[in-house]
Amino acid sequence: MTKEKQIVHFCRDSVFHRIIIDLYEAVAPGQNRYILVKEKDAYVSFKLEPEMEKLTKAEAKEALAQHEVAIFHSLSENNLWLAAQAGDQQKVVWCSWGSDLGANHSYCSDETILDPKSYQANQQNRKAVLRAAKITLYKLLHQFPSLQAAYFNWRIAKEKQPLKEQALSKIDYVSTILPPEKEILSSLPQLKADYQWVNYGAVDMFVGDFYKKDTPLGQGMFVGHAAFFTCNHLDILPQIKALDYPYSIFIPMAYGNKYCKAALAEEAPKLFGQQLILQKEVLPKADYLKQLLACNIAVLNTKRQEALGTLITVLYLGMHTYLHPEGVLYKFCTEQGLKVYTTRALKKGMDFPKGKAKEMKHNRAQLEKIYGREVVLSRIENLLKKLLD
């Protein structure tokens, strides 16, 4: 590999900037350029790392043309538009984040990923009239292909081809966060890319100072990873209330959807009173991990792929972890031999589990096989060999 910057990374506004940079610099030092094109409606803006550039769409398009390899960390909003601009001689990678697998796929529909109460609250807080008009527009466009082509041609000033189809046709390699999501790709006929599984982070990156340490856990319960309706808080919290759980209930809501934040701020105190800890401010990583250590039960009630970093962390710390039985996280864990439980097991009269050293040891060993640093780096190295050799 040469020393010039051959690879341009188009990131999204997230907490994973540092992880992306550290992993790719470990494999291909000095060969990467990291760019963020600001989205219109980010749930929260994260601090840019020193290596990152914040560009306009026009500037990002110029940057794309200057590199032989482009890696898109999510194909949402501006990244989707940029991928459609890639040249035929460029090699393009799409590292999906889950929600960008396809807005029209049932995997991403509210009806699929939201449980009843969360679905109802989400619908009530949408801008109903505007959303209905947008849905009507897209349905109308779908029924008239020539009108659809003209619409997207106006949006991207390119060939008469919908933006999504054009972008997907440029992808050479695609990765999903979890292998079970691979089957969703078959619903994207324009996508002819080879599958290459790469990762966002290794175990030690998520666990930080507590890596390879046995730290005593408290007796609290950790519920959800952020204030998104997809966490299905409003459905699982009444079920937790029925347990008569006597210890603290910790719900992080420092980032997420403002409507979900409002719903949680209203409903959770009614259920748990003084037991409740609502984390409303972003904490430094070390402080957040200390807060997690005050718990020995974790409940992640999401159906779609999200909160994987949190899942890895709580399993490594030794928490008893309860996942949505219909969720991709649960499917992945069972396939990989990780010891987890379904939220159906949270029933009144249950024995609240205490730490099990044997279970923690088993999960740590499995996590090292899947997300150990050398394993993760080898996956990235294999991808870059295909791209640069």
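Is Trp 97 buried or exposed? I get 13% relative accessibility for Trp 97, so it counts as buried. My cut-offs: buried is under 20% relative accessible area, exposed is over 50% and partly exposed is in between, with a 1.4 Å probe and protein chains only.

**Ground rules.** I'm working on a predicted model, where local features need pLDDT of at least 70, side-chain atom pairs count only at pLDDT 80 or more, and totals for chains, interfaces and linings use all residues. Residues are numbered from 1 along each chain as its sequence is written, and side-chain values use heavy atoms, with hydrogens and water left out.

**Whole chain.** I count 16 helices and 13 strands. These are DSSP runs numbered from the N terminus: H or I with at least four residues for helices, E with at least two for strands. Of the 389 residues in the chain, 53% are buried. I also looked at contacts (heavy atoms within 4.5 Å). Among those with a separation of 6 or more, 69% are between residues 24 or more positions apart. The accessible surface is about 18500 Å², and carbon and sulfur atoms hold 52% of it. That area comes from the Shrake-Rupley method with a 1.4 Å probe; for residues, only the protein chains shown count as cover.

**Aromatics.** I find twelve aromatic pairs in the structure. Rings of Phe, Tyr and Trp (its six-membered ring) pair if their centres lie within 6.5 Å; planes under 30 degrees apart are stacked, over 60 edge-to-face, and the rest tilted. One of the pairs is Phe 16 with Trp 97, edge-to-face at 5.6 Å centre to centre and 70° between the planes. This pair links distant parts of the chain, 81 residues apart: Phe 16 is in the loop between β1 (7-11) and α1 (17-27), and Trp 97 is in the loop between β5 (91-95) and α4 (110-113). Phe 16 is partly exposed, at 22% relative accessible area.

Trp 97 also pairs with Tyr 200, this time tilted, at 5.1 Å centre to centre with 55° between the planes. Tyr 200 lies in the loop between β7 (194-195) and α9 (203-207), so its pair with Trp 97 ties together parts that are 103 residues apart in sequence. Tyr 200 is buried at 13% relative accessibility. I've noted Phe 16, Trp 97 and Tyr 200 as a cluster linked by ring pairs.

**Charges over rings.** Here I want NZ of Lys or CZ of Arg within 6 Å of the ring centre and within 35 degrees of the ring normal. Lys 57 lies over the face of Trp 81, 4.5 Å from the ring centre. Arg 364 puts its charged end over the ring of Tyr 316, 4.0 Å from the centre.

**Helix α13.** How many residues of α13 are buried? Ten of the ten (308-317) are, so the helix is largely enclosed by the rest of the structure. Tyr 316, the ring under Arg 364, is among the buried residues of α13. I picked out Thr 313 in this helix: it is buried at 5% relative accessible area. Leaving out residues up to four places away in sequence, Thr 313 touches Phe 206, Val 207, Leu 289 and Leu 292. After α13 comes Gly 318, with a positive phi near 100°.

**α15 and α16.** Helix α15 (357-371) packs on α16 (373-388) at about 20°, with the axes 6 Å apart. Axes are lines fitted to C-alpha atoms, for helices over the stretch in contact, and angles run from 0 to 180 degrees between N-to-C directions. That makes the two helices roughly parallel (under 35 degrees; over 145 is roughly antiparallel, 65 to 115 roughly perpendicular, the rest oblique). At the meeting point, Glu 368, Lys 369, Ile 370 and Tyr 371 in α15 face Arg 373, Val 375, Val 376 and Arg 379 in α16.

Most residues other than glycine have a negative phi. Lys 212 has a positive one of about 60°; Lys 212 is in the loop between α9 and β8 (220-223) and is exposed at 64% relative accessibility. Asn 232 also has a positive phi, about 55°. Asn 232 sits in the loop between β8 and α10 (233-241) and is buried, at 0% relative accessible area.
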